[in-house]
Amino acid sequence: RLRVALWHYVMWNEWLTEFSDVTMRLEDIDTDLLCQYAGGGTSPCGQTPPAGSDNKKANSHELIPELEGVTWAQLCAISPYMCDRAKKLSVSYGYDVGE
């Protein structure tokens, strides 16, 4: 499963990089700016659904315990080549890979 996650991360993000005009780290997203980039102004970004509403646009999955707390060393042990590509992507997105 970890090998699949590593390959998915690399392939998905390299593909997206080819078509994206801008990238943002999820934890740094300014929703109003994101909506402006998408051409939607600032509304309805920044608004939360009313309490009790049934928002069908959520995208979440259960936490997979074996993928929690994975280290670069574990990823590099699986596939040094893909690990190197993942590290380069991570650095390009502004993450510290500890090297």
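Trainee: Let me start with Arg85: does that count as buried or exposed?
Mentor: In this model, which is a predicted one, Arg85 counts as buried, because its relative accessibility is 18% and the cut-off for buried is under 20%.

Trainee: Which element does Arg85 lie in, and which residues does Arg85 touch, leaving out those up to four places away in sequence?
Mentor: Arg85 lies in helix α4, and once residues up to four places away in sequence are set aside, Arg85 touches Val10, Met11 and Glu14.

Trainee: Is the crossing of α1 and α4 left-handed or right-handed?
Mentor: The crossing of α1 and α4 is left-handed. On the α1 side the contact is made by Leu6, Trp7, Tyr9, Val10, Met11, Asn13, Glu14 and Thr17, while α4 brings Met82, Cys83, Arg85, Ala86, Leu89 and Ser90.

Trainee: How do the residues of that contact of α1 with α4 divide into nonpolar, polar and charged?
Mentor: The residues of the contact of α1 with α4 divide into nine nonpolar, three polar and two charged.

Trainee: Changing topic, how many disulfides are there, and which residues form a disulfide?
Mentor: The count comes to one disulfide, and it is formed by Cys76 and Cys83, whose sulfur atoms are 2.0 Å apart. The torsion about the S-S bond of Cys76 and Cys83 is about -55 degrees, so this disulfide is left-handed.

Trainee: And is Cys83 buried or exposed? What about Cys76?
Mentor: Cys83 counts as buried, at 0% relative accessibility, whereas Cys76 is partly exposed, with a relative accessible area of 25%. Cys83 is also among the residues of α4 that make the contact with α1.

Trainee: Stepping back, how many helices and strands are in the chain?
Mentor: The chain has four helices and zero strands, and reading along the sequence gives the pattern α-α-α-α.

Trainee: What share of the residues counts as buried, and what share of the contacts joins residues 24 or more positions apart?
Mentor: Of the 99 residues of the chain, 16% count as buried. As for the contacts, among those with a separation of 6 or more, residues 24 or more positions apart account for 61%.

Notes. Residues are numbered from 1 along each chain as its sequence is written. This is a predicted model: local features need pLDDT of at least 70, side-chain atom pairs count only at pLDDT 80 or more; totals for chains, interfaces and linings use all residues. Side-chain values use heavy atoms; hydrogens and water are left out. A crossing is left-handed if the near helix is turned anticlockwise from the far one by less than a right angle, and right-handed if clockwise. Helices (H or I, at least four residues) and strands (E, at least two) are DSSP runs, numbered from the N terminus. Contact means heavy atoms within 4.5 Å. Ala, Val, Leu, Ile, Met, Phe, Trp, Tyr, Cys and Pro count as nonpolar, Asp, Glu, Lys and Arg as charged, and the others, Gly among them, as polar. A disulfide is a pair of cysteine sulfur atoms within 2.5 Å. Buried means under 20% relative accessible area, exposed over 50%, partly exposed in between (1.4 Å probe, protein chains only).
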